[in-house]
Amino acid sequence: MTTRETNMSFWEHLDVLRSSLIRIVAVSVLCGTVAFLFKEEVFSVVLAPKDADFVTYRMLERLAGYVAGTGASAFSVHLINTGLAEQFIVHMKVSVYVGVLLASPYILYLLFRFISPALYADERKCASRIVGWGYVMFLSGALTCYFLLFPLTFRFLGTYQVSGEVENMISLQSYIGTLGGMTMMLGIVFEIPVVCWLLARAGILSAGVMQRCRRHAVVGILVIAAIITPTSDIFTLMLVALPMWLLYEASILVVKRMHVKNNSK
């Protein structure tokens, strides 16, 4: 920590924070504007999971061919718009989300630069590790949702029919809302190993406790999955619960490794 940073007054710290917030807003607006202008490219990515030639469905077709000798059945789901201004509103929302996502590395950098002078060297190292791995895990959860969880959920629910007389026409608002909600939730769920590592470092959590409470954790995972699942079907519930259980098991290994590392010092 430099002498200048140590001797800064409250109002000087407030000015630095205001400057960082202005930069965050400016960069987010700039990235959001770019996303808004490149509408075709952005929505070609956002709407890709609704098409039968999406990469996840092609992989399932190949897997079905290897296992059963037959390809997966093709499907077709059409999106519709039900409001006069809804397409424009969806365009604005998606542009904001994409803008914040593109600006997120710079946002984290500015926030960490503002906070780090108040930390000691070892605290700064720990904080940088938490922020870095937290960001990586959130992106991993978002990508898992986009390439696995959401496509399978959309295909199952989008093609499910109680009768052949009832045709499925999914609204654009429902599609974007479900994709955004599931992506955010799974990104947060993927923070489980980071949170467990932090609790273990603080001496609150141990691998032994996590192993003894595994059954209770499974029940809790099913309850949480039922809460955050956008639909009430068991298929989507299990798709959400499975990554959470795998993350819990991975967290046990992370906590155990950290304890072994600390004991060897």
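Is Ala 200 buried or exposed? Ala 200 counts as buried, at 4% relative accessibility. The views below show a predicted model, in which local features need pLDDT of at least 70 and side-chain atom pairs count only at pLDDT 80 or more, while totals for chains, interfaces and linings use all residues. Residues are numbered from 1 along each chain as its sequence is written, and side-chain values use heavy atoms, with hydrogens and water left out.

**View A. Ala 200 in helix α8 (residues 192-201).** Helices are DSSP runs (H or I, at least four residues), numbered from the N terminus. Buried means under 20% relative accessible area, exposed over 50%, and partly exposed in between (1.4 Å probe, protein chains only). Leaving aside neighbours within four places in sequence, Ala 200 is in contact with Leu 205, Val 255, Met 258 and His 259; contact means heavy atoms within 4.5 Å. Ala 200 and Met 258 are 58 residues apart in sequence, and their C-alpha atoms are 7.8 Å apart.

**View B. Ser 251 in helix α11.** Ser 251 has 0% relative accessibility and so counts as buried. Residues up to four places away in sequence not being counted, Ser 251 touches Ile 192, Pro 193, Cys 196 and Met 210.

**View C. A nonpolar surface patch of about 1100 Å².** The patch is made by Phe 156, Tyr 160, Val 162, Val 166, Val 218, Leu 222, Ile 234, Phe 235, Met 238, Leu 242, Trp 245 and Leu 246. Two or more residues each are given by α10 (214-228) and α11, and the largest share, six residues, comes from α11. Patch residues have over 30% relative accessible area and no salt bridge; like charges are joined within 9 Å, and nonpolar side chains (Val, Leu, Ile, Met, Phe, Trp, Tyr) within 5 Å. A salt bridge is a side-chain nitrogen of Lys or Arg within 4 Å of a carboxyl oxygen of Asp or Glu. Accessible areas come from the Shrake-Rupley method with a 1.4 Å probe; for residues, only the protein chains shown count as cover.

**View D. Phe 235 in helix α11 (residues 234-263).** Phe 235 is partly exposed, with a relative accessible area of 31%. Neighbours within four places in sequence aside, Phe 235 is in contact with Leu 152, Thr 153 and Phe 156. The C-alpha atoms of Phe 235 and Leu 157, 78 residues apart along the chain, are separated by 9.4 Å.
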